[in-house]
Amino acid sequence: MENKEYFIIRPFKTEDVVEVRGIMEKSGLDPWSIESLEEVGSPVSLTQGFCAEMDNKVIGFVIYWIMFDDTQIFDVAVAEEYRRQGVATALIEAVRKKAWESGASRLLLEVRQSNEGARSFYKLFGFAEQGISKNHYSFPREDAILMEKIIV
């Protein structure tokens, strides 16, 4: 499927909540509550996001916040049928660019220790493993690998 040239990256909107939650559930992420997702991008929340959209359908998302020098990426996921087409790369790049424009100097994230695919992806993107957060995830209980990328 050669779809990567047809998707767009845009800011997260309240109307995206149901589609984003569906992608979260199908991707094995701990899904956020509807109420928490509704706050993403709102003026009263530090939490921001981008969505990848194709044909008026959300096919991927990233949720993050920028706090001083740090940008914390909370979740990034792409619908299964659109993986390996550059969507996650475009989403992470959108966060990197926003962080850089905001004066942040690094991107931070946690990833399940067993998620070798994600760890490899982030390493290709320039993230380095910095440590372990014991029992970070609940369902199932698992350690997280802490990763960092210096923004240039």
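Along the sequence, the pattern is β-α-α-β-β-β-α-β-α-β-β. That makes 4 helices and 7 strands. Helices (H or I, at least four residues) and strands (E, at least two) are DSSP runs, numbered from the N terminus.

A word on the source. This is a predicted model, with residues numbered from 1 along each chain as its sequence is written. Local features need pLDDT of at least 70, side-chain atom pairs count only at pLDDT 80 or more, totals for chains, interfaces and linings use all residues, and side-chain values use heavy atoms, with hydrogens and water left out.

Now the overall build. The C-alpha trace spans about 40 × 35 × 35 Å along its principal axes. Of the 152 residues, 43% are buried. Buried means under 20% relative accessible area, exposed over 50%, and partly exposed in between (1.4 Å probe, protein chains only).

Next, the sheet. In what order do the strands lie? The order is β1-β2-β3-β4-β5-β7-β6, in an open sheet with mixed pairing. Two strands pair if DSSP finds at least two bridges between them. At the edges sit β1 (8–11) and β6 (128–138), each pairing on one side only. From one strand to the next, the twist averages 25°.

Walk across it with me. β1 and β2 (residues 47–54) run antiparallel, joined by 4 bridges. Pro11 has Phe50 in β2 as its bridge partner. β3 and β4 are also paired, antiparallel, over 8 bridges. There, Ile63 stands opposite Asp75 in β4. Then the sense is parallel: 4 bridges join β4 to β5. Is β4 enclosed or open? Buried residues make up 7 of its 9, so β4 is largely enclosed by the rest of the structure.

What lies on the sheet? Helix α1 (residues 17–27) lies across β2, β3 (57–67) and β4 (70–78), at about 90° to β3. Helix α4 (residues 116–124) packs on the sheet too, touching β4, β5 (106–112), β6 and β7 (141–150). The direction of α4 makes about 165° with that of β5. Contact here means heavy atoms within 4.5 Å. Axes are lines fitted to C-alpha atoms, for helices over the stretch in contact, and angles run from 0 to 180 degrees between N-to-C directions.

On to α3. The 15 residues of α3 should span 21 Å at 1.5 Å a residue, and the end C-alpha atoms are 21 Å apart, which agrees. The expected span is 1.5 Å times one less than the number of residues. Buried residues of α3 include Val87, Leu91 and Val95. Just after α3, Gly103 takes a positive phi of about 90°.

Last stop: two loop residues. Phe68 lies between β3 and β4, in a hairpin with 2 residues between the strands. Phi of Phe68 is near 60°, positive in a residue other than glycine. Phe68 is exposed, at 71% relative accessible area. Arg84 sits in the loop between β4 and α3 (87–101). Arg84 has a positive phi of about 65°, though it is not a glycine. Arg84 is exposed as well, at 88%.
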